[in-house]
Amino acid sequence: MIFLASMSIFNFCHRFVPCLADPARRSTLGLKAALVVLHIVYAGILFLFDSDLIEKTKQEPWSYTGLYLLLFVATLIQYFVTSYSSPGYVLDAMRDVNEKNSLFRKASMLSKQPASSKNGSLVITVEGSQSERNIPGSDVTSWTKLVLDMYPPGTSVRTLTCSFCNVEQPPRAKHCHDCDRCVLQFDHHCVWLGACIGWGNHCRFWWYIFEETALCIWTGILYITYLKANISRAWWKDVIMILLLVTLSFALIFLLLLLIFHSYLILTNQTTYELIRRRRIPYLRGIPERVYPFSEGVCRNLYKFCCARSSIYGLERLPTAMELEDKSRPYTCLGYLTCRCC
């Protein structure tokens, strides 16, 4: 009877909440709920044990504790915004490029003039013989022409086609087996977010890590302040607070390392996948480890990462041999004076 009742409850939940029927989505929702509960537990116990914090917050909403609560809410909002934002899928970019070029092709046929469309940092030209090089046949899509232009001449389409999605991958794209999609500038698949981190949401991910790290530091300071003022009043409260503070310290160390790591990736215009699997990626295999092929200098990398992301379909071509040779040159005093690193 208990088994039948539980089965009927599960069927009822699956009927009204279809996402619970998928085990992967169910585990993702469970992790998200666990993370939210952890945040509430750490902040809730602090306010439960320290009644002065509640009084201070009521009397002065924009005081020290009021700003802490504001950061607490902002961190959770940033978590869900990052989790549900698109990392930039190759299939969506391909559809967008093909649709735009078909529209411009129709417009150019009416006006009898060549049409061009701007896509991110690349200009997509519909008419022209240069984009049709090395492509046999006339049924090749605009996306295929665009992707081939980002690789060296003579590159075969077969080597660029994903065997799972059956789409041509531009440089820095990778198929994610968890999401079952190809992602532009794939960084990694975050288990806690339940989503891929790529070109479209890497900036949001960095800000989430930054806010989470700041929240952990602030929470740790409030815990230490409470223990200093109320130590030895109630031993069981002290034990709970110390245990939570120890676990919070481990989480803070992990977040700090993660924040420093991703800051380094941003300054050098790399991804986690490119850094870890550098020797296995064909277009990075022959490049020295200390040479960053996609880096344009610290300032330009920061600008592109934070400010120049108006579209989630940003594409980067592979650097030429002369560009790689220029980037592999060691820095000199003249290079620093001329801001070569920026």
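Visitor: What makes the meeting of α9 with α11 a contact?

Guide: I266, L267 and T268 in α9 meet V298, N301, L302 and F305 in α11, where contact means heavy atoms within 4.5 Å. The residues of this contact divide into 5 nonpolar, 2 polar and no charged; Ala, Val, Leu, Ile, Met, Phe, Trp, Tyr, Cys and Pro count as nonpolar, Asp, Glu, Lys and Arg as charged, and the others, Gly among them, as polar. The model is predicted: local features need pLDDT of at least 70, side-chain atom pairs count only at pLDDT 80 or more, and totals for chains, interfaces and linings use all residues. Residues are numbered from 1 along each chain as its sequence is written, and side-chain values use heavy atoms, without hydrogens and water.

Visitor: Why are α9 and α11 called roughly perpendicular?

Guide: The axes of α9 (residues 235-268) and α11 (residues 298-306) cross at roughly 105 degrees and come within 7 Å. Angles of 65 to 115 degrees count as roughly perpendicular (under 35 roughly parallel, over 145 roughly antiparallel, the rest oblique), and the two helices are therefore given that name.

Visitor: How do you know that E274 and R172 form a salt bridge?

Guide: Their side chains meet at 2.7 Å, N to O, and the definition asks for a side-chain nitrogen of Lys or Arg within 4 Å of a carboxyl oxygen of Asp or Glu. E274 lies in α10 (residues 272-276) and R172 in the loop between α7 (157-160) and β3 (174-176), so the pair ties together parts 102 residues apart in sequence.

Key. Axes fitted to C-alpha atoms, helices over the stretch in contact; angles between N-to-C directions. Helix = DSSP H or I, 4+ residues; strand = E, 2+ residues; numbered from the N terminus.
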